[in-house]
Amino acid sequence: MSYQCPSCNQIFTAQQALCEDWRNPEKSFGCPHCGKFYKKDLRSNLRQSICVGIMAGGIATPTAMLIGRSLFNGDNLSLFYGVAIWFSCVAMLVIGDWRNRA
Ligand SMILES: [Zn+2]
């Protein structure tokens with residue numbers, strides 16, 4: 001079972017996590033790397049980053065191929081679509097990342 005620290009992005013296991021006081025949920029689960037304590041809900045965070053990663057790979061890869069093929073064929077419309085999809089994908093990732101940090 002792995003967790004990802006939202007502060008320093010370090011991935012650690014439940015065994016490695018810091019625990020100062022197991023009765024206090026605010027002090028029972030901390031990042032061993034930067035020493036910050038969290039409530040034990042980091043798993044969804046890691047799952048979310050995996051989802052975003054798969055989505056980014058699934059969209060960015062075919063789009064990059066579309067852009068490459070359009071450049072090769074001189075197809076400006078497909079090139080425009082490819083660049084538009086790619087930019088919105090990047091914007092979505094940046095916004096998602098910014099939301100995670102906020
Ligand atoms: Zn950390």
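The mean pLDDT of this predicted model is 82, and 88% of the residues reach 70 or more. The protein has two helices and two strands, arranged along the sequence in the pattern β-β-α-α.

**Confidence by element**
- Helix α1, which covers residues 42-73, has the lowest mean pLDDT among the elements, at 79.
- Strand β2 has the highest mean pLDDT among the elements, at 89.
- Where pLDDT is low, predicted coordinates should not be read in detail.

**Burial and contacts**
- The protein has 102 residues, and 7% of them count as buried.
- Among contacts between residues at least 6 apart in sequence, 36% join residues at least 24 apart.

**Asparagine 9**
- Asparagine 9 sits in the loop that runs between β1 (2-4) and β2 (11-13).
- The phi of asparagine 9 is near 65°, which is a positive value in a residue other than glycine.
- Most residues other than glycine have a negative phi.
- Asparagine 9 is partly exposed because 14 other C-beta atoms lie within 10 Å, a count between the limits of 12 or fewer for exposed and 20 or more for buried.

**Glycine 96**
- Glycine 96 belongs to helix α2, which spans residues 76-101.
- Glycine 96 has 15 C-beta neighbours inside 10 Å, so it counts as partly exposed.
- In sequence, glycine 96 and serine 49 are 47 residues apart; in space, their C-alpha atoms are 9.3 Å apart.

How values were computed
Residues numbered from 1 in each chain as written. Predicted model: local features only at pLDDT ≥ 70, side-chain atom pairs only at ≥ 80, totals over all residues. Helix = DSSP H or I, 4+ residues; strand = E, 2+ residues; numbered from the N terminus. Contact = placed C-beta atoms within 7 Å. pLDDT = per-residue confidence, 0-100.
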